[in-house]
Structure formats: structure tokens, C-alpha cells
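Hi,

Here's the structure I said I'd pass on. Have a look at it first, then read my notes below.

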Amino acid sequence: MISAATPDVARATARLRALLGDRLYEPGDPAYATTTRLWNGAVHRTPALVAHCRDADEVAHAVRIAARCHLPLSVRSGGHDWAGRALRDGGLVLDLTGLNAVRVDPDAATVTVGGGATTAELLAAARPYDLVVPTGVVRDVGVAGLALAGGYGPLCGRFGLTLDNLLGAEVVLADGSRVTADPRHDAELYWALRGGGGNVGVVTELRFRAHRLPGVLAGMIMFALAEAPAVLRGYGAIIAEAPDELTVMTGFLPGPAGEPMIFVCPFYSGPDLDAGLPWMDRLRDLGTPLVDQIAPMPYADALRMFDGGMVDGNHYLLRTRWLPARTDGVADVLVDAAHQVSSPFSALAVHHFHGAATRVRLADTAFGLRGEHLLTEIIAVWAPGEQSGPHREWAERTSTALAPHALPGGYPNLLAPEETDRVRLAYGANWARLRRAKRRYDPRDLLTAVPTLPPSVHPR
């Protein structure tokens with residue numbers, strides 16, 4: 001394994017300096033602080049080096065240098081992994097933010113993005129053609145990190161997960177070779193990339209199927225906390241009937257004075273937006289709306305409602321549970337957690353997995369759960385300088401209370417690095433095949449990404 005040998009930082013520095021010049025950053029360099037800053041201010045790590053790569057050839061050279069010099073390797077794209085796995089102490093960080101080009105082929109309805117592109121950059125390039133790729137809700141998130149492990153989002157009912165729309169990828173393997181992964185070229189690597197995270201290679205380019213979508217009927221409806229039990233009951237009934245075109249989030253967000261409020265956030269993506277109006281009325285009727293922002297708008301604009309909700313530099317800890325359905329027991333836990341929230345910044349988010357995402361065969365991608373379910377995010381947030389204890393305890397207590405109602409595993413993109421048993425359960429029947437792929441493409445465990453897989457020398 002790479003970690004068994006002593007890292008030769010001096011040798012790696014000399015070789016990378018010859019390759020990259022002043023785009024190699026060391027501690028103390030002004031650019032080092034910028035390129036090692038993550039969205040989650042609670043993460044403090046000190047990589048030995050940061051390589052700002054501009055193309056796939058540079059990535060391949062840097063990977064070979066890391067392997068030969070026994071440096072741990074990590075990849076920074078959007079910098080939004082809450083656990084900070086983009087940075088490894090004493091390691092080499094591949095900064096892919098320079099690989100952010102986006103190419104749109106409107107005739108073929110495809111979008112090709114660099115490994116460092118963000119959701120906002122993808123959607124901005126596709127917007128003039130009324131095309132979209134299914135994404136998550138946060139525009140600053142890197143497309144690669146989202147797509148390789150899943151990609152829950154407001155369009156999953158109609159178009160599937162982000163990874164379900166991945167047509168192919170250009171990948172640098174752990175030995176520094178550059179390969180193409182798609183159904184005709186290395187189909188096994190293509191399978192592993194769709195759900196297995198960045199553990200089998202460094203993805204320098206991704207090609208997606210795009211969909212024509214001039215607009216959505218979407219927005220936020222918010223109710224007082226006292227109405228939460230009734231809203232959650234009604235939410236469960238509505239999503240049980242919802243067509244593919246309607247995907248609805250719910251949860252608890254801070255109100256104007258920091259008090260928790262329950263929200264429902266529908267996205268109706270059918271060709272006739274007026275057909276979504278009765279669904280909006282049903283959601284409004286769940287209680288007495290204090291906020292009602294439903295309107296037709298472009299998909300990219302609809303995502304702006306989440307801008308600023310999770311502020312860069314605050315401290316974050318996430319826990320996650322997969323829930324088979326909204327039950328009274330689940331509602332009781334969520335309402336109780338909202339009442340006991342430890343911070344005015346914290347939130348609970350419930351994502352709706354249904355429709356097209358459920359019709360992909362389990363064996364067709366590495367992603368391990370295709371039945372209808374709800375993904376719950378428990379998001380503990382606190383300001384820099386505060387003690388983490390109360391916020392951590394709130395998140396852990398809520399996760400523990402949801403566990404008896406939950407499915408095994410959980411969304412790998414949100415699991416903590418130490419939750420390797422839950423990672424194994426998350427992949428279910430796909431676990432053994434994914435482990436074989438890891439051993440095939442990265443036998444020395446150079447790459448550890450999202451989700452963190454146990455070392456291949458200890459297969460389960």
C-alpha cells in the first residue's frame with residue numbers, strides 16, 4: 001500500500017515544480033491557503049503540496065509522481081465534501097478547478113464538463129439551449145463529486161439521479177494511465193464510476209445526457225413549526241401519489257429570527273407547467289403558509305433559492321439516514337429534532353427518491369438502492385469559535401432516533417469516513433463487485449474519496 005512507505009516530499013516537490021512551475025503550492029504560499037480552504041470551516045488539514053492542474057496530461061503526470069514518491073493523494077473539485085476528504089494531511093492535492101470547461105452539443109443533447117466544473121457552470125452553459133442535466137440543489141457543488149456517488153435532486157423523478165445521466169468519462173487511473181470509460185470502452189470502470197465515488201480513478205471529464213426543460217414550477221412553501229406534524233402527514237400522502245414530474249423536498253429550515261420552520265419545496269418538471277398547479281394547491285393546503293414562493297421559472301433560477309443557506313466558513317457535521325417511507329414514527333423524530341435544534345443555522349432536509357431513478361436496474365450501476373425511499377440529511381451547523389459538542393450531540397441523537405425506522409446503509413456521499421460498515425451496507429448486492437473493481441483499478445489504494453472504501457487488502 002502507498003501508506004506503507006515513507007513519503008518523499010522533497011522528490012515529489014522537485015518533479016512537480018518542473019511540471020507545473022508556480023502552479024505547485026506549498027504551505028506558506030498565498031495560493032496554498034485559497035486552494036486548501038473548504039466549504040466546511042471545521043476541517044483543518046495540512047497537505048504537503050497542492051498541484052493546480054490545467055489538463056488531463058498534467059493530472060496523469062501528477063498521479064504518477066504521487067505514486068512513485070509514496071504521497072497520499074486526494075482530489076479537490078468543488079470543495080463541498082463536508083468531511084474534507086479533498087484534503088489529506090501530508091499528501092498531494094490535485095486541484096482540478098482549472099478543468100472547468102463546459103461544452104454543449106444541442107443537436108446530440110449532451111453536455112461535457114471538466115472534472116473541476118461546478119453545478120452552476122454546467123447549468124449556465126446549457127441554459128441558452130433550454131437543456132438541463134439533473135443536479136443536486138446546491139449550485140457550488142462540483143459536478144464530478146456529485147455524479148460519481150449519486151446525485152439526488154429535484155429532477156430525479158423524471159430524469160433519474162445525476163449518475164444515471166452519465167454517458168461516459170475520461171479517467172486517470174492510479175498508475176497514471178488515461179482511459180475512456182463508457183458502455184463500449186471499459187464498461188466495468190464505467191459501472192464502478194456510477195455510484196462508487198472517486199475511488200477508482202481521477203475523473204478529468206464527464207459527458208452527460210441532457211434534457212430539454214425550458215422551465216419548472218417550483219418554489220418554497222413554509223409553515224410554522226406547530227403545524228409540522230400535519231404537514232408531514234400530508235406530505236407523505238402526496239408523494240405516495242406524485243407523478244414522475246413532481247419531486248418534493250421537505251424538512252426544517254431556520255426562519256427569519258432563526259426559529260425552525262417546516263418547508264415543502266416542490267419541483268414540477270412536466271411539459272405543461274399548468275398541470276402542476278393542482279399539486280401546488282394541495283401542498284399549500286397542508287397548513288397555513290407563512291411563505292409561498294411558487295412560480296414558473298428556469299431550473300437554474302429555481303436552485304438559487306438554496307444559495308446562502310449553507311454559508312462557506314461555518315462549521316458543519318452531517319449525518320444521514322435512508323427511510324423507506326414517511327411514517328408517524330419518523331415524523332415524531334423529525335419534529336422532536338426541530339424543537340431541540342442546537343443552533344439557528346442547523347437544518348433537516350428530506351429528499352424524495354422515486355420515479356425514473358427507481359427504474360434503473362440495481363445491477364446496472366454501482367449505486368446500491370433503487371427502491372422508493374426518502375434521504376434524510378441531518379445538518380448541524382455552528383459558527384467558528386463555538387464549542388462543537390452540543391451540535392454534534394444533536395446530530396448524533398437525531399440519527400440514532402431515526403435508525404430503527406431506517407434502511408441499512410445510507411447515502412455514501414454523506415456518510416462519515418469512519419462509517420465503513422454503513423458504506424458496505426449502502427452498496428448491498430453491488431458491494432463485492434465494487435470491491436473487485438477497486439482492487440483492479442487501484443490495487444495500492446492510492447485513491448480514497450467519497451465514499452471512503454476500506455482498503456482493498458481488507459475486503460469484506
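This is a predicted model: local features need pLDDT of at least 70, side-chain atom pairs count only at pLDDT 80 or more; totals for chains, interfaces and linings use all residues.

Now for the overall build. The protein contains 14 helices and 20 strands. Its radius of gyration is 22 Å, close to the 23 Å that the globule rule gives for 460 residues, so the protein is as compact as a globular protein of that length. If you draw a box along the principal axes, the C-alpha atoms fill roughly 65 × 55 × 40 Å.

The accessible surface comes to about 17200 Å², and carbon and sulfur atoms make up 53% of that. As for how the chain meets itself, take the contacts between residues at least 6 apart in sequence: 74% of them join residues at least 24 apart.

Is His352 buried or exposed? Its relative accessible area is 5%, and buried means under 20%, so His352 is buried. The side chain of His352 reaches the backbone nitrogen of Val248 at 3.3 Å. Leaving aside neighbours within four places in sequence, His352 also has contacts that include Leu246, Thr247 and Val248. Others among them are Cys156, Tyr235, His373 and Leu374.

Cheers

Methods:
Residues are numbered from 1 along each chain as its sequence is written. Side-chain values use heavy atoms; hydrogens and water are left out. Helices (H or I, at least four residues) and strands (E, at least two) are DSSP runs, numbered from the N terminus. The radius of gyration is taken over C-alpha atoms; the globule rule is 2.2 Å times the number of residues to the power 0.38. Contact means heavy atoms within 4.5 Å. Accessible areas come from the Shrake-Rupley method with a 1.4 Å probe; for residues, only the protein chains shown count as cover. Buried means under 20% relative accessible area, exposed over 50%, partly exposed in between (1.4 Å probe, protein chains only). A polar contact is a pair of N or O atoms within 3.5 Å; within protein, one must be able to donate a hydrogen and the other to accept it, and residues adjacent in sequence count only if both atoms are side-chain atoms.
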